[in-house]
Amino acid sequence: MDNYKLLEACQFRPNHLEFPDSWVGHIPFANWLIKTIKPAMIVELGTHSGNSYLTFCQAVKEASLPTRCYAVDTWKGDEHAGFYGEEVFQALSIYHNEHYASFSRLMRMTFDEAVHYFSDGSIELLHIDGMHTYEAVKHDFMTWLPKLAPHAVVLFHDTNVREREFGVWRIWQELCQNYPLNIEFLHSHGLGIIQITAGSGRFKLDWLQEDHEYRENLVRYFSSFGLRVKDQYQVQVEIHNLQVLLNETKQQSIAYQAELSDSKQQSTAYQAELSDSKQQSAAYQFQLEEKDNQINKLLRDNKDRDQQYYELQNELREKDKEIKRLDEKLSIAENEIIWYELSNSWKITRPLRKFKNFFSRKSDDKAS
């Protein structure tokens with residue numbers, strides 16, 4: 001066992017991680033395994049956001065290995081992983097194509113569809129992490145078994161999950177009976193590793209033997225560093241969330257500052273409008289006072305006219321009384337005249353009045 005590679009594996013840091021974090025604890029081991037066995041072909045069944053697969057690709061690239069990598073998934077999810085939208089595949093595809101497209105392919109199809117694209121005995125590392133029922137995992141393993149090289153290594157994730165009808169632990173127990181070269185890590189939901197048959201050279205993996213002296217130390221070693229990586233990832237997630245919150249707070253602060261600036265401008269405008277309104281109010285008040293003065297003058301004038309009218313009415317009533325008195329006097333005079341005309345004296349003196357009138361006309365003729 002190469003101790004230098006073990007130390008190097010613990011210094012490995014993934015360049016790209018996404019939710020969920022259930023596989024993150026196995027990243028140091030995965031990096032070490034790839035650089036140790038240097039597989040010619042890696043196939044992963046069930047990739048989701050890509051934490052495990054991108055770890056394989058990063059290790060291949062860093063070690064400059066001639067490995068071909070293939071990820072098979074529908075990228076729609078299932079009842080165990082959860083169903084998700086197109087954004088998961090889009091994000092993975094963009095990052096993958098930018099960094100690993102020269103030796104890796106994302107195969108968007110079912111596992112049963114993809115198996116026909118591989119030759120028998122060609123795959124040296126297979127990672128099964130699809131649907132997790134007992135029947136589904138057993139079907140995947142048996143379907144892809146002919147495609148495995150005799151010395152191939154197979155990884156099973158979620159061997160330490162026993163709820164929600166997960167059945168990986170059951171198939172794992174059966175496989176351990178048939179494939180004695182195996183080891184299991186219980187952290188991060190469990191990861192089981194088997195080798196189909198013992199290999200030679202870089203595929204001579206003595207640490208998979210049940211009685212190997214370093215077996216338990218290897219489990220504790222990668223469990224410890226795996227949990228540390230997971231803790232670091234959680235810290236990174238918290239930092240990222242805090243940064244997102246900080247950015248949102250900054251954006252809100254900028255928005256609030258803009259709103260405050262707008263409010264100040266509006267306040268200034270309102271103050272100007274208020275000043276104008278006060279000036280208009282003062283002008284209206286002045287005009288109102290002028291109108292009140294005019295109305296009061298009109299009222300006074302009207303009162304004076306009413307007084308004059310009243311006085312004229314009184315004068316008219318006095319005139320009417322006087323006219324009535326004069327009419328009464330005239331009536332009396334007329335009555336007296338009539339009475340005189342009818343009286344005897346008036347009749348006796350009528351010749352004298354005629355004689356007087358005759359001489360009066362003669363005098364007038366001589367004068368003329």
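This is a predicted model: local features need pLDDT of at least 70, side-chain atom pairs count only at pLDDT 80 or more; totals for chains, interfaces and linings use all residues.
Seven strands form an open sheet, and their order is β5-β2-β1-β6-β7-β9-β8. The pairing is mixed. In general, the strands of a sheet pair through backbone hydrogen bonds, either parallel or antiparallel. Look next at the two edges. Strand β5, residues 104-108, and strand β8, residues 182-185, stand there. Each has a single partner strand, so one side of each is left without a neighbour in the sheet. From one strand to the next, the twist averages 15 degrees.

Now pick out one pair inside this order. Strand β7 covers residues 148-157, and strand β9 covers residues 191-195. The two run antiparallel and pair over five bridges. Within this pairing, valine 154 stands opposite isoleucine 194 of β9.

A helix lies against these strands. Helix α2, residues 27-37, packs on the sheet. Helix α2 touches β1 (41-45), β6 (123-128), β7, β8 and β9. The direction of helix α2 makes about 175 degrees with that of β7.

Next comes the empty space. Rolling a probe the size of a water molecule over the atoms shows where such space is left. How many cavities of 30 Å³ or more does a search of the whole structure find? The search finds one. The volume of the largest cavity is about 40 Å³. Pro14, Asn15, His16, Asn51, Leu54, Thr55, Gln58, Tyr95 and Tyr100 line this cavity. Helix α3, residues 51-62, gives the largest share of the lining, with four residues. By type, the lining has four nonpolar residues, five polar ones and no charged ones.

Turn now to helix α8, residues 215-342, where lysine 230 lies. Which residues does lysine 230 touch, leaving aside those up to four places away in sequence? They are Asp21, Val24, Gly25 and Ser188. The C-alpha atoms of lysine 230 and serine 22 are separated by 8.8 Å. Along the chain, these two residues are 208 residues apart.

Finish with the charged pairs. The whole structure holds six salt bridges. One of them joins glutamate 86 and arginine 108. The closest N and O atoms of this pair are 2.8 Å apart. Glutamate 86 sits in helix α4, residues 86-99, while arginine 108 belongs to strand β5. The pair links distant parts of the chain, 22 residues apart.

How values were computed:
Residues are numbered from 1 along each chain as its sequence is written. Side-chain values use heavy atoms; hydrogens and water are left out. Two strands pair if DSSP finds at least two bridges between them. Axes are lines fitted to C-alpha atoms, for helices over the stretch in contact, and angles run from 0 to 180 degrees between N-to-C directions. Contact means heavy atoms within 4.5 Å. On a 1 Å grid over the protein atoms alone, a cavity is a set of points where a 1.4 Å probe fits but cannot get out, and a pocket is an open set with protein on both sides within 12 Å along at least five of seven lines; lining residues have an atom within 4 Å of a point. Grid points are joined across faces, edges and corners, and a volume is the space filled by probe spheres set on the points. Ala, Val, Leu, Ile, Met, Phe, Trp, Tyr, Cys and Pro count as nonpolar, Asp, Glu, Lys and Arg as charged, and the others, Gly among them, as polar. A salt bridge is a side-chain nitrogen of Lys or Arg within 4 Å of a carboxyl oxygen of Asp or Glu.
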